[in-house]
Amino acid sequence: MGTNFDIEDGTLRNTEEGTLFRSHATGQEVLFRGTRTHVGGWFVAPYGAFQLWGHIFIGRKWYQEGFCLRHYAHEYGHYMQECRLGHLRYLFRIALPSVWSVVRKPSRHAEKTFEQEATMLGRAYLRARQRNKYS
């Protein structure tokens with residue numbers, strides 16, 4: 001169960017409760033409840049990442065060349081969206097439109113409302129957990 005993934009600013013570790021991040025610099029930990037992390041796979045773009053059904057997938061090249069905590073928090077924001085909307089609504093309102101956005105106009109992908117919301121949700125979660133070191 002305890003698979004470790006070293007990212008730019010720390011280590012992600014799959015636990016029974018979710019994915020635990022531990023900072024290289026400070027040792028501070030943040031638990032991303034309910035998620036499992038995976039790197040690579042034939043269905044993951046080399047420089048892509050996505051979240052589906054509580055699984056966060058990171059492309060091999062991005063993982064090797066600079067994936068960091070803020071990127072992970074963004075994907076966790078998508079997990080929070082899925083929890084709020086339910087699996088099917090999330091799939092059709094966010095996941096599929098997100099894929100279409102990346103394929104059609106990658107340079108404008110981050111401007112999409114659902115992407116901005118995921119970033120906001122992930123950052124808020126991270127800030128709240130970093131203030132409370134026992135999260």
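Author: A salt bridge is taken here as a side-chain nitrogen of Lys or Arg within 4 Å of a carboxyl oxygen of Asp or Glu. The model under discussion is predicted.

Reader: How many salt bridges does a search of the whole structure find?

Author: Side chains of opposite charge can pair when their charged atoms come close. A search of the whole structure gives a count of 3.

Reader: How far apart are the closest N and O atoms of Arg22 and Glu29?

Author: Arg22 counts as partly exposed, because its relative accessibility is 43%. Glu29 is partly exposed as well, with a relative accessible area of 30%. The two residues form a salt bridge, and their closest N and O atoms are separated by 3.2 Å.

Reader: Which helices hold Arg84 and Glu117, and how many residues apart in sequence are the parts that this pair ties together?

Author: Arg84 and Glu117 form a salt bridge, with 3.2 Å between the closest N and O atoms. Arg84 belongs to helix α2 (residues 69–85) and Glu117 to helix α4, so the pair ties together parts whose separation in sequence is 33 residues.

Reader: Is Glu117 buried or partly exposed?

Author: Its partner Arg84 has a relative accessible area of 49% and is partly exposed. Buried would require under 20% relative accessible area. Glu117 has 23% relative accessibility, so this residue counts as partly exposed.

Reader: What distance separates the closest N and O atoms of Arg108 and Glu111?

Author: Arg108 counts as partly exposed at 44% relative accessibility. Glu111 also counts as partly exposed, at 44%. Arg108 forms a salt bridge with Glu111, in which the closest N and O atoms lie at a distance of 2.7 Å.

Reader: Which helix gives the most residues to the positive patch?

Author: The patch of positive charge on the surface gathers Arg70, Arg123, Arg127 and Arg131. With 3 residues, the element that gives the most to this patch is helix α4 (residues 113–131).

Reader: Is Arg131 buried or exposed?

Author: Arg131 has its place in helix α4 and is one of the residues of the positive patch. The cut-off for exposed is over 50% relative accessible area. Arg131 has 67% relative accessibility and therefore counts as exposed.

Reader: Which side chains make polar contacts with the side chain of His78?

Author: His78 lies in helix α2. This histidine is buried, because its relative accessible area is 4%. Its side chain makes a polar contact of 3.1 Å with the side chain of His74, and another polar contact, also of 3.1 Å, joins the side chain of His78 to that of Glu115.

Reader: With which side chain does the side chain of His109 make a polar contact?

Author: His109 is located in the loop between α3 (87–104) and α4. At 15% relative accessibility, His109 counts as buried, since the limit is under 20%. At 2.9 Å, the polar contact of the His109 side chain is with the side chain of Ser101.

Reader: What is the phi of Trp53?

Author: Most residues other than glycine have a negative phi. Trp53 lies in the loop between β6 (49–52) and β7 (55–58). Although Trp53 is not a glycine, its phi is positive, at about 55°.

How values were computed
Residues are numbered from 1 along each chain as its sequence is written. This is a predicted model: local features need pLDDT of at least 70, side-chain atom pairs count only at pLDDT 80 or more; totals for chains, interfaces and linings use all residues. Side-chain values use heavy atoms; hydrogens and water are left out. Patches are made of residues with over 30% relative accessible area and no salt bridge: like charges are joined within 9 Å, nonpolar side chains (Val, Leu, Ile, Met, Phe, Trp, Tyr) within 5 Å. Accessible areas come from the Shrake-Rupley method with a 1.4 Å probe; for residues, only the protein chains shown count as cover. Lys and Arg count as positive and Asp and Glu as negative; His and the chain ends are not counted. The place of a charge is taken as NZ of Lys, CZ of Arg, CG of Asp or CD of Glu. Helices (H or I, at least four residues) and strands (E, at least two) are DSSP runs, numbered from the N terminus. Buried means under 20% relative accessible area, exposed over 50%, partly exposed in between (1.4 Å probe, protein chains only). A polar contact is a pair of N or O atoms within 3.5 Å; within protein, one must be able to donate a hydrogen and the other to accept it, and residues adjacent in sequence count only if both atoms are side-chain atoms.
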